[in-house]
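Reader: Before I rely on any labels here, I would like each one set against its cut-off.

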Amino acid sequence: MKKEPKMATATARHILVDSEEKCNELKAEIEAGADFAAVAKQHSSCPSGQSGGDLGKFSKGQMVKEFDDVVFTDELNTVHGPVKTQFGFHLLEITSRND
């Protein structure tokens, strides 16, 4: 019986806003000590903002390419962004990954 290759998965949180400027402002707030989840609840235009920006667990290819490029290569527990997608500008925090 052939063993299936393990699919790379990750968990992440994000904040979605409509401008790069706003994204940079929020990133500075978080880096200065603001709580990511609280900032997401207050500012994110994505429904996930209500749960602190939590996107849950997802596999490579489930999110837009710009997300995957960050989530599956960049450092964990660091705020990344602004990341531009068709939806707007995101701050991303990768909370776990198995690759």
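Reader: What makes the link between the side chains of histidine 14 and histidine 90 a polar contact?

Author: This is a predicted model, in which local features need pLDDT of at least 70 and side-chain atom pairs count only at pLDDT 80 or more, while totals for chains, interfaces and linings use all residues. Residues are numbered from 1 along each chain as its sequence is written, and side-chain values use heavy atoms, with hydrogens and water left out. A polar contact is a pair of N or O atoms within 3.5 Å, where within protein one must be able to donate a hydrogen and the other to accept it, and residues adjacent in sequence count only if both atoms are side-chain atoms. The side chains of histidine 14 and histidine 90 are joined at 3.0 Å, and the label therefore applies.

Reader: Why is histidine 14 called buried?

Author: Its relative accessibility is 4%, and buried means under 20% relative accessible area (exposed is over 50%, partly exposed in between; 1.4 Å probe, protein chains only), so histidine 14 counts as buried.

Reader: What makes the pair of phenylalanine 58 and phenylalanine 72 edge-to-face?

Author: The structure holds 1 aromatic pair, and in this pair, phenylalanine 58 with phenylalanine 72, the centres are 6.3 Å apart and the planes stand at 90°. Rings of Phe, Tyr and Trp (its six-membered ring) pair if their centres lie within 6.5 Å, and planes under 30 degrees apart count as stacked, over 60 as edge-to-face and the rest as tilted, so this pair is edge-to-face. Both phenylalanine 58 and phenylalanine 72 are buried.
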